[in-house]
Amino acid sequence: MEKVVHVPEVVLNSGYKMPLLGMGTAACPMPIDDLTSILVDAMETGYRHFDTAALYGSEEAVGRAVAEAIERGITKSRQQVFITSKLWCTDAHPQLVLPALKNTLGKLGLDCVDLYLIHWPISMKPGPVDILKFKKEDVVPFDMKGVWQAMEECCKLGLAKSIGVSNFSCTKLSHLLQIATIRPAVNQVEINVAWQQRKVLEYCKEKGIHVSAYSPLGASWNSPIINDIATTKQKSIPQVALRWIYEQGASVIVKSFNKERMKQNLEIFDWELSTEDNFKIQDIPQKKGYNGEDFTHPNGPYKSVNDIWDGEI
């Protein structure tokens, strides 16, 4: 049995603990036939936090992987695995939230998720929508209060231990906090060395909302600063980029289906960046997200959503 890396945890404002490094399951194309075994490999390596969504098409594979890992003794029980899923925009309507979560739980084969997020602060017309070809007419007003009340009901019913949001700006979080009875535990947003999101990090820290980072590598491959730090510290470029996010107090959602890179992504907790390293990283030019044309990117479709979103992360 390989040595399993222990991933530090954060206590969310809901009182539940969440591992600070998770395995993302968004991919294009999705390796449907192999995904379950890939995720079991990840659990053998030490991953205990898995991030999925209704949109990704990976919920069933995540559920099968959890069941197999328990059966094989890789993890002792369901309670040792943290599962995040997300409400897609076509279900972001008050009356559709609970049915959407029940559908997610059915695919996962679980009684509850550990964290359920509103994927975007956007609603689309209910029903199937081609994420690459949808029109502006498919977007309808987002009933933040009604949708969040339905999310709170999911929490009260015990179907989601914690609830939160994704891709919410400080302004939208402020609006949500004015109406929320249960505060969002997490805001999952894009963060990387080339899009550092300092305003969001500071605001969420002030409000007791944990920030989770997706697309954590961003443009780090092309950064001479990150490359130099990696060379000096004898670390990989991804390790430096992930360590920087971890040192900002955020959790990280990584995605590599290569077992060796899975291991490398876990090896960020027993060393530190220097003050000088951090100053250098602060000077990296900032540019938001994807170019809007690269739909081969695992999160590429969201650029289309972002094009019609009226807020800035």
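This is a predicted model: local features need pLDDT of at least 70, side-chain atom pairs count only at pLDDT 80 or more; totals for chains, interfaces and linings use all residues.
The protein chain contains 11 helices and 12 strands. Of its 313 residues, 56% are buried. Contacts in the chain were also examined by sequence separation: among those with a separation of 6 or more, residues 24 or more positions apart account for 74%. Ile131 is situated in the loop between S7 and strand S8 (139-140). With a relative accessible area of 13%, Ile131 falls under the 20% limit and is therefore classed as buried.

A probe the size of a water molecule, rolled over the atoms, shows where empty space is left. The second largest pocket has a volume of about 330 Å³. Its lining draws on two elements that each give two or more residues, namely strand S2 (17-19) and strand S9 (160-166). In total, 17 residues line the second largest pocket, and those nearest its centre are Glu9, Pro19, Arg48, Gln80 and Val81. By residue class, the lining of this pocket comprises 7 nonpolar, 5 polar and 5 charged residues.

A single annotated position was considered next. An unreviewed UniProt entry lists His119 under "binding site"; such an annotation may be inferred rather than shown by experiment. In the model, His119 occupies the loop between strand S6 (113-118) and strand S7 (123-124). The relative accessible area of His119 is 1%, so this residue is buried.

The cysteines were examined for covalent pairing. A search of the whole structure returned 0 disulfides. Cys204, accordingly, takes part in no disulfide, and the nearest cysteine sulfur, which belongs to Cys170, is 6.4 Å away.

How values were computed. Residues are numbered from 1 along each chain as its sequence is written. Side-chain values use heavy atoms; hydrogens and water are left out. On a 1 Å grid over the protein atoms alone, a cavity is a set of points where a 1.4 Å probe fits but cannot get out, and a pocket is an open set with protein on both sides within 12 Å along at least five of seven lines; lining residues have an atom within 4 Å of a point. Grid points are joined across faces, edges and corners, and a volume is the space filled by probe spheres set on the points. Helices (H or I, at least four residues) and strands (E, at least two) are DSSP runs, numbered from the N terminus. Ala, Val, Leu, Ile, Met, Phe, Trp, Tyr, Cys and Pro count as nonpolar, Asp, Glu, Lys and Arg as charged, and the others, Gly among them, as polar. Buried means under 20% relative accessible area, exposed over 50%, partly exposed in between (1.4 Å probe, protein chains only). A disulfide is a pair of cysteine sulfur atoms within 2.5 Å. Contact means heavy atoms within 4.5 Å.
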